[in-house]
Amino acid sequence: MSGNERQPPGTVLRAEGLSRVVPGKAIVSDVSFEVGRGEVLGIVGASGSGKSSLLRLLNRLDEPTTGTVYLDGKDYRQIPPRELRRRVGMVTQRPFLFPGDVASNLRFGPAQRGESLTDEEVWKLLEQVGLPGFASHEVSVLSGGEQQRVSLARTLANRPEVLLLDEPTSALDEQSKAGIEELIAAMARDHGLACILVTHDRDQARRNCHRVVLLEAGRVLQSGPVMEVLGA
Amino acid sequence: MLKSLFPSEIALGLAQAVVASLLALVVVFLARRRNIHLEKDASVALLRGIVQIVAVGSILALLLKAPRWSSVFLLTAMIVAAGSISAKRAKNIPGAAKVSTYSIAIGAGLVTAIMTWAGVIDTAITSLIPVGSMIIANAMNTNGLALNRFRSEVLAHTGEIETALALGATPQATIGRYAESSIHSSLIPAIDNLRSLGIVWIPGLMTGMLLSGARPMYAAIYQFVVIAMILASSGLTSLLSTTMIQAQVFSPADQLLLKGAE
């Protein structure tokens, strides 16, 4: 197979025939889709349908049993894993912030490449996620919504091209949830990020996604524009 | 009492072993009454223990007539067995037996070799085998503790480790601190042994030396020497095994392999 693939203009990431089989069961089966710049793609399904497992294949935290992913047309197995994960950022359901202050969390990703974020860059990132002035706050004193915003800012500090969001609001109250959803929309609209949002919440998918992939038992049940697949 | 019943030394030894085992089984019975079931593990361990130690005793009896260098073979066999036993503490980590064997071989082997070369351990089989085996056994325990702790730490912090990987960190950067805490906790028994030496316990080797007529002061100092050697070999073993095991829990594509069921 060639390492480079032709794909529609604007496509950043394309998954082709992704499957993951663990002893005794197939958790993802032959899933294909693509996502373009400035687009929010929803991966929707019930609990246990393989949504999160699929997401982990996209930044190669797990290895697909078959199939692959193309990033900007290049087979991701040809991209060093650390570079791939910088370019395909991930925000998890639980934020898993590192002990210390907010600024040190934001500086973690760039520091892995020997880069250092200036105070101004930290300030801008925090302003972007609605937490100006939080740089010196200890992460242990933050609320759930604030922690998730820091987690998002920490991923954005790596300047990713694709943003993977694994149920980022499932543990948050309604107000915090609305705030994070606004941020995701802004990331796609204003910064041209390709966002892949995993959610079990169909209303959230309707509010935020342009297109959706509906999963059931690891397989694609249906995919297309959000209103076509999920209805109004 | 037993001495009058068993005039032969071997029969006396076996009778003493039976009495000690019965006492251990009484404790197992008491544990059972509190719903702690040690029957199988304790019985198998007692049986294995007596068979193994009698086998070693027989080999030692043969080796006493063998040339001094032949003890190297017995110590090597002990290292291989120690590697395989302590690797069981690193369940689901591929290559744990190899890592354990190499670490114990270098940690215990190097310390034993240096101390023998320096004249601290006598090259006589009756000295090299017992002291060498104590060093290997303690390195095995420390290695088992270090790998067990490392495994628990990784399993308890899968989220943090994968978050760091997802942010572009190297595998070593994501688990370095868990390896450090594993080394630290694995060495607590060896350090506590050194701290409490003579106050809380008088080790077996010193007891043996006293029973065989050594001067108490020399027996005491030599016991300190052995415990210090154990600390050195255990520390080196733990450092090596936790360093080597880190590479075993990641794939070539920097994916964490040791985690709970998907």
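Visitor: How many residues of domain 1 of chain B are in contact with domain 2 of chain B?
Guide: In this predicted model, 4 residues of domain 1 of chain B are in contact with 6 residues of domain 2 of chain B.

Visitor: And what are those domain 1 residues, nonpolar, polar or charged?
Guide: On the side of domain 1 of chain B that touches domain 2 of chain B, there are 4 nonpolar residues, no polar and no charged.

Visitor: Let's pick a residue, B:Gln223. Which helix is it in?
Guide: B:Gln223 belongs to helix 11 of chain B, residues 216-248.

Visitor: Is B:Gln223 buried or exposed, and why?
Guide: B:Gln223 is buried, because 21 other C-beta atoms lie within 10 Å; the cut-off for buried is 20 or more.

Visitor: What is B:Gln223 in contact with, leaving aside its neighbours within four places in sequence?
Guide: Its contacts are B:Pro203, B:Leu205 and B:Met206.

Visitor: And how far apart are B:Gln223 and B:Ala20?
Guide: In sequence, B:Gln223 and B:Ala20 are 203 residues apart; in space they are 25 Å apart, C-alpha to C-alpha.

Visitor: Okay, over to the two chains. How many residues of each are in contact?
Guide: Chain A has 22 residues in contact with 16 residues of chain B. Helix 2 (81-87) and helix 3 of chain A each supply at least two residues of the side of chain A that touches chain B. The largest share of that side, 4 residues, comes from helix 2 of chain A.

Visitor: How do the residues on that side of chain A divide by type?
Guide: The side of chain A that touches chain B has 7 nonpolar, 6 polar and 9 charged residues.

Visitor: What does chain A look like overall?
Guide: Its secondary structure comes to 8 helices and 10 strands. The C-alpha trace of chain A spans about 45 × 40 × 40 Å along its principal axes. Chain A has a radius of gyration of 17 Å, which agrees with the value near 17 Å for a compact globule of 232 residues. Of those 232 residues, 44% count as buried.

Visitor: What about the open sheet in chain A, what's the strand order?
Guide: The order is 2-1-4-5, an open sheet of 4 strands with antiparallel pairing. Strand 2 (25-36) and strand 5 (74-75) of chain A stand at the edges with a single partner strand each, so one side of each has no neighbour in the sheet.

Visitor: How many bridges pair strand 1 with strand 2?
Guide: Strand 1 (residues 11-22) and strand 2 of chain A pair over 8 bridges, in the antiparallel sense. Within strand 2 of chain A, A:Phe33 is the bridge partner of A:Ala15.

Visitor: Last topic, helix 4 of chain A. Which residues there are buried?
Guide: In helix 4 of chain A (residues 119-128), the buried ones are A:Val122, A:Leu125 and A:Leu126. Seen down the axis of helix 4 of chain A, the buried residues fall within an arc of 95°, so they line one face of the helix.

Visitor: Why would residues three or four places apart point the same way?
Guide: An α-helix has 3.6 residues a turn, so residues at that spacing point the same way.

Visitor: And what covers the buried residues of helix 4 of chain A?
Guide: The cover includes helix 3 (102-112) and helix 5 (144-156) of chain A. Just after helix 4 of chain A, A:Gly130 takes a positive phi of about 80°.

Notes. Residues are numbered from 1 along each chain as its sequence is written. Chains are lettered from A and ligands numbered from 1 in the order in which they are written. This is a predicted model: local features need pLDDT of at least 70, side-chain atom pairs count only at pLDDT 80 or more; totals for chains, interfaces and linings use all residues. A residue is buried if 20 or more other C-beta atoms lie within 10 Å of its own, exposed if 12 or fewer, and partly exposed in between; C-beta atoms are placed from the backbone. The arc is that of the directions from the helix axis to the C-beta atoms. Two residues are in contact if their C-beta atoms, placed from the backbone, lie within 7 Å. Ala, Val, Leu, Ile, Met, Phe, Trp, Tyr, Cys and Pro count as nonpolar, Asp, Glu, Lys and Arg as charged, and the others, Gly among them, as polar. The radius of gyration is taken over C-alpha atoms; the globule rule is 2.2 Å times the number of residues to the power 0.38. Two strands pair if DSSP finds at least two bridges between them.
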